[in-house]
Amino acid sequence: MSENGCAPRTPPGPPRRATPGLLRKLTGDRLGLMEAAARDYGDAVRMAIGPKKLYFFNHPEHAKHVLADNAANYHKGIGYIQARRALGDGLLTSEGELWRKQRRTIQPVFQHKRIAAQAGVVAEEVGELVGRIRAHEGGDPVDVLHELTGFTLGVLGRTLLDADLGAFDSIGHSFEAVQDQAMFEMETMSMVPTWLPLPNQLRFRRARRDLAGIVDRLVAGRVADPRPDGDDVLTRLIDSTSRESDPEVATRRMRDELVTLLLAGHETTASTLGWALRLLDDAPEVRRRLHEEAVRVLGDRPPVYEDLHELTYTNMVLQEVMRLYPPVWILPRQAQADDEVGGYHVPAGSDVLICPYTLHRHPGFWDDPTRFDPERFAEDQLGGRPRYAYIPFGAGPRFCVGSHLGMLEATFVLAMFARDLRLEIVPGYEVVAEPMLSLRIRGGLPMRVRSTSRQTA
């Protein structure tokens, strides 16, 4: 009974007999599952999927409560718990004192002042990216998403690790195998033994060995060539893990944290830029305005940090892209103690889902929510929506530590693409969303390339 003597309210949801269909959607159509739940049952939904009871909340006040106001009661939930078997205890999956230690270790690397000092490095990498893509002008299509992933890895290596990741050709394939395994763990509730020689698990084991080898080489290189200022992630992690009393624990922590940083640090930005190119392909007026702003602000030079304040329309476009395709599409949590969310009882141990993908398309807070309209983020339009109606980088204590660097990268890329290139998706190619740990595009993004003059888009 609740404090007022009434039985606790339980959210509505699909009947038990719907479980097989829910399981199929969990495997094959996760976005459709969340959209249907919000459409059919409202802002609070209870779904029984196998042994799990999922509480899905889809209102800004619900998100505020779970992610910020009572965040201490909500640890990482379904998906991330299972992903720990694939990713280890990095910043993405760890909890409690270990998470706080990890956050304290790397937080200084992401301070705005330090990221601002890295803007020139980012601009150099963008210039090289534009050059690589321009080399395909008038020729066969280029997988722009592949190029964007290489770019974000290059930026991550230079800005955060002070290391060249270009020497590790296998890193992208290994990360894909790790993500596939993490999602497999979620779909099977970690009930499939890892020792079974299934093809995906064999591929995962090879990937983990490869990533461990890459991390070990990066660490060995830094130990052999230390940085006196100690200002990068590698140096900070070496210093932090050296205090562990058990060398095996230190090695495992180093590997887990670096693998997680490499994965989370490159894919979300690449995915956001991929979705931006997809949406711009159908939006000639938005392309024109982007081009005009880039020409006006940048002229013929590369971007600098101060340009972020002038590239206002570019920023509006990116905000709208992340509304429709948030880089982190779902935020699963697990209640540690009984709670009440939006007037509904949430028992201890329950899996709770906050879904930015559906929240950002909530018709109660967004007019014509599926339409691509950057004007939603014009300065005079920002005052009418609840703060937690838009959470592309999460919220609360676990707000994305790398959001500022990601936005710097994305703004520079979009501005220089808009100024110098015209990219067109290959006719007939279907762009399909793939909701993994991030919301990526399945199978790449083949595009034809032609230059854009500085006068016309």
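1. Two strands pair if DSSP finds at least two bridges between them. Helices (H or I, at least four residues) and strands (E, at least two) are DSSP runs, numbered from the N terminus. Keep both rules in mind for what follows.

2. This is a predicted model, in which local features need pLDDT of at least 70, side-chain atom pairs count only at pLDDT 80 or more, and totals for chains, interfaces and linings use all residues. Residues are numbered from 1 along each chain as its sequence is written, and side-chain values use heavy atoms, with hydrogens and water left out.

3. Start with strand β5, residues 331-335. Which strands does β5 pair with? One is β8 (residues 351-354), which runs antiparallel to β5 and is joined to it by 4 bridges. Here proline 332 has leucine 353 of β8 as its bridge partner. Another is β3 (residues 74-76), also antiparallel, with 3 bridges to β5. In that pairing, lysine 76 stands opposite arginine 333.

4. Is β5 mostly covered or mostly open? It is mostly covered: 4 of its 5 residues are buried. Buried means under 20% relative accessible area, exposed over 50%, and partly exposed in between (1.4 Å probe, protein chains only).

5. Now helix α5, residues 96-106. Its buried residues include Trp99, Gln102, Arg103, Thr105 and Ile106. Why do they line one face of the helix? Seen down the axis of α5, the buried residues fall within an arc of 160°, so they line one face. The arc is that of the directions from the helix axis to the C-beta atoms. Among the elements covering these residues are α11 (233-241) and α12 (247-280).

6. Arginine 100 is partly exposed, at 40% relative accessibility. Glutamate 97 is partly exposed too, at 43%.

7. How many salt bridges does the structure hold? There are 33. A salt bridge is a side-chain nitrogen of Lys or Arg within 4 Å of a carboxyl oxygen of Asp or Glu.

8. Take arginine 371 and aspartate 373. Their side chains meet in a salt bridge, 3.1 Å from N to O. Arginine 371 is partly exposed, with a relative accessible area of 37%. Aspartate 373 counts as buried, at 17%.

9. Next, glutamate 424 and arginine 450 form a salt bridge, with closest N and O atoms 3.6 Å apart. This pair links distant parts of the chain: glutamate 424 lies in strand β9 (residues 421-425), arginine 450 in strand β12 (residues 446-451), 26 residues apart. Glutamate 424 is partly exposed, at 29% relative accessible area. Arginine 450 is partly exposed as well, at 39%.

10. Last, look at glutamate 434 in strand β10, residues 433-435. Is glutamate 434 buried or exposed? It is buried, with a relative accessible area of 16%. Not counting residues up to four places away in sequence, glutamate 434 touches Leu439, Arg440 and Arg442. Contact means heavy atoms within 4.5 Å.
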